[in-house]
Amino acid sequence: MIKNLIKNVICGIFLFSSASTFAQTETPEKRVIDLTNLEISKGVSLHIISPEPIQFVDLSTNNLTGDLPAENIARIKITEVSDLDSLATRKNINLNDLGVITIVCQSYMAQYKVNYLDFKRDAVTNIQIQPEDMQPLEYPKMAFSNTELQKFSLDILRKKVVNKPIREVKNLKLTMQINNVYVVNDYIFLDMTFLNSTNLGYDIDAIKFSVEDKKIYKATNNQSIALEPVYQLYRQKQFKKNYRNIYVFKKFTYPNSKVMKIRLLEEQLSGRAIEMKVKYSDILNADTF
C-alpha cells in the first residue's frame, strides 16, 4: 500500500515536471488573423528596422519584393509591373492579398500581414519591430545575439574604470593597451585603448588578431591563425588622440608555445603600425561580470 502510494507520488511529480517544462518551452501557434497588420502603397518602400541583424526574410507571395540594404533593415515594396510585362505576370499581382512578411533574426522571429493602402500620402515608410511582435527562437542560450553582446560591452565601458592596463606597448608615439579581459559563458571580451601622442590624426586601415608561434626559427615554419571577432562595439575608422573599443571572440585556446598578436595598421602612405603580444595567462586570468 505504502509502496504504491510512493510510486504514485513519484509519477505525479514526474508528470508535473514534464508539464512545467513543456509550458516553459512551448511556443503558441500563430494564425494570419493574429498577426500585426501593415499597410503599404504602390511606389512607396516600407523599411522594417530590427534591433539585431536579420538572418533572412520570407515574402509569402509574388506581390511583394524586397532586399536587405543594411544588416538590420528589410526594405519591402509592392512588385512593380508595366505594360511590357506579360498579361499573366500582371494578373498575378493581387492587391487584395499581398501576403505575409516573415523576418528571422538571431534570437527571434517577427511576422506581419500586409494590406494594400490606396492613399499614398498616408503610407508608412518605416517601422521598428516591437517586442510584442517578437517570437523567441529556441536556440541554446550559449549563443548570444549582437544585441546581448552590445549590452555586455556597454556595461564594461560604464562600470569598469581603466586603471593600470594589464598589457601595454608603445611605438612611434602610439600606445596600445589592453585594459582588461572579461569572460561571459563562451565569449571573451577584450577591452582595448589606443592612444596617439602626435598631432597627426590616425586613419585605421585594420586591427588584426592572430595566434602565432612565440619563436620563429624559419619563415616557412611560422604558423599564423587569424582570429576574427564575432562582434566589436564600435567601427570607428579614424581617431585624433584616443580610441577605446570592445572586441568579442568565441572561446579560443592556444598552447604556451604560441602567443596572440594584435596589430594596429594605418592606411597608406603614412603606414604607422604597432604590435602587441598577449600571453595565454592574460586570457586565463580574465574577469567576469
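1. Leaving aside neighbours within four places in sequence, Ser210 is in contact (heavy atoms within 4.5 Å) with Ser224, Ile225, Ala226, Leu227, Val259, Met260, Lys261 and Arg263. Ser210 lies in strand β13, where helices (H or I, at least four residues) and strands (E, at least two) are DSSP runs numbered from the N terminus. With a relative accessibility of 4%, Ser210 counts as buried, the classes being buried under 20% relative accessible area, exposed over 50% and partly exposed in between, with a 1.4 Å probe and protein chains only. The side chain of Ser210 makes polar contacts with the side chain of Glu212 at 3.0 Å and with that of Arg263 at 3.3 Å. A polar contact is here a pair of N or O atoms within 3.5 Å; within protein, one must be able to donate a hydrogen and the other to accept it, and residues adjacent in sequence count only if both atoms are side-chain atoms.

2. On the basis of the model: it is predicted, local features need pLDDT of at least 70 and side-chain atom pairs count only at pLDDT 80 or more, whereas totals for chains, interfaces and linings use all residues. Residues are numbered from 1 along each chain as its sequence is written, and side-chain values use heavy atoms, with hydrogens and water left out.

3. The secondary structure of the chain comes to four helices and 19 strands, and 37% of its 289 residues count as buried. Among the contacts in the chain with a separation of 6 or more, 66% are between residues 24 or more positions apart.

4. The largest nonpolar core has 28 residues, of which Leu190, Phe209, Met260 and Ile262 touch the most other members; such a core is a set of buried Ala, Val, Leu, Ile, Met, Phe, Trp, Tyr and Cys residues joined through side-chain atoms within 4.5 Å. At least two residues of this core come from each of β11, β12, β13 (202–213), β17, β18 (258–266), β19 (273–278) and α4 (280–284), and β13 gives the largest share, five residues. Not counting residues up to four places away in sequence, Phe209 touches Leu190, Met192, Ile225, Ala226, Leu227, Pro229, Tyr247, Phe249, Met260, Lys261 and Ile262. Another core, of 19 residues, lies apart from this one, and Ile40, Ile78, Leu98 and Ile127 are among its members.

5. Val278 belongs to strand β19 and, at 1% relative accessibility, counts as buried. Once residues up to four places away in sequence are set aside, Val278 touches Arg167, Ile178, Tyr254, Val259, Met260, Ile262 and Ile283. Arg167 is 111 residues from Val278 along the chain, while the C-alpha atoms of the two are separated by 7.6 Å.

6. Five strands form an open sheet with antiparallel pairing, in the order β10-β11-β12-β17-β15, two strands being paired if DSSP finds at least two bridges between them. Its edge strands, each pairing on one side only, are β10 (167–171) and β15 (231–232). Strands β12 (residues 187–196) and β17 (residues 242–250) run antiparallel and are joined by nine bridges, with Phe189 standing opposite Val248 in β17.

7. Helix α3 (residues 146–159) lies across β11 (174–184), β12, β15 and β17, and runs at about 135 degrees to β17; axes are lines fitted to C-alpha atoms, for helices over the stretch in contact, and angles run from 0 to 180 degrees between N-to-C directions. The 14 residues of α3 reach 20 Å from first C-alpha to last, close to the 20 Å expected at 1.5 Å a residue, a span taken as 1.5 Å times one less than the number of residues. Asn146, Leu149, Phe152, Ser153, Asp155 and Ile156 are the buried residues of α3, and what covers them includes β11, β12, β15 and β17.

8. An open sheet of four strands has mixed pairing and the order β4-β5-β2-β8. Its edge strands are β4 (64–70) and β8 (126–128), each pairing on one side only, and the twist averages 25 degrees from one strand to the next. Five bridges pair β4 with β5 (residues 73–78) in the antiparallel sense, and Asp67 stands opposite Arg75 in β5.

9. Gln55, found in strand β3 (residues 54–59), is partly exposed, with a relative accessible area of 45%. Neighbours within four places in sequence aside, Gln55 is in contact with Val104, Cys105 and Gln106. The C-alpha atoms of Gln55 and Ser107, 52 residues apart along the chain, are separated by 9.9 Å.
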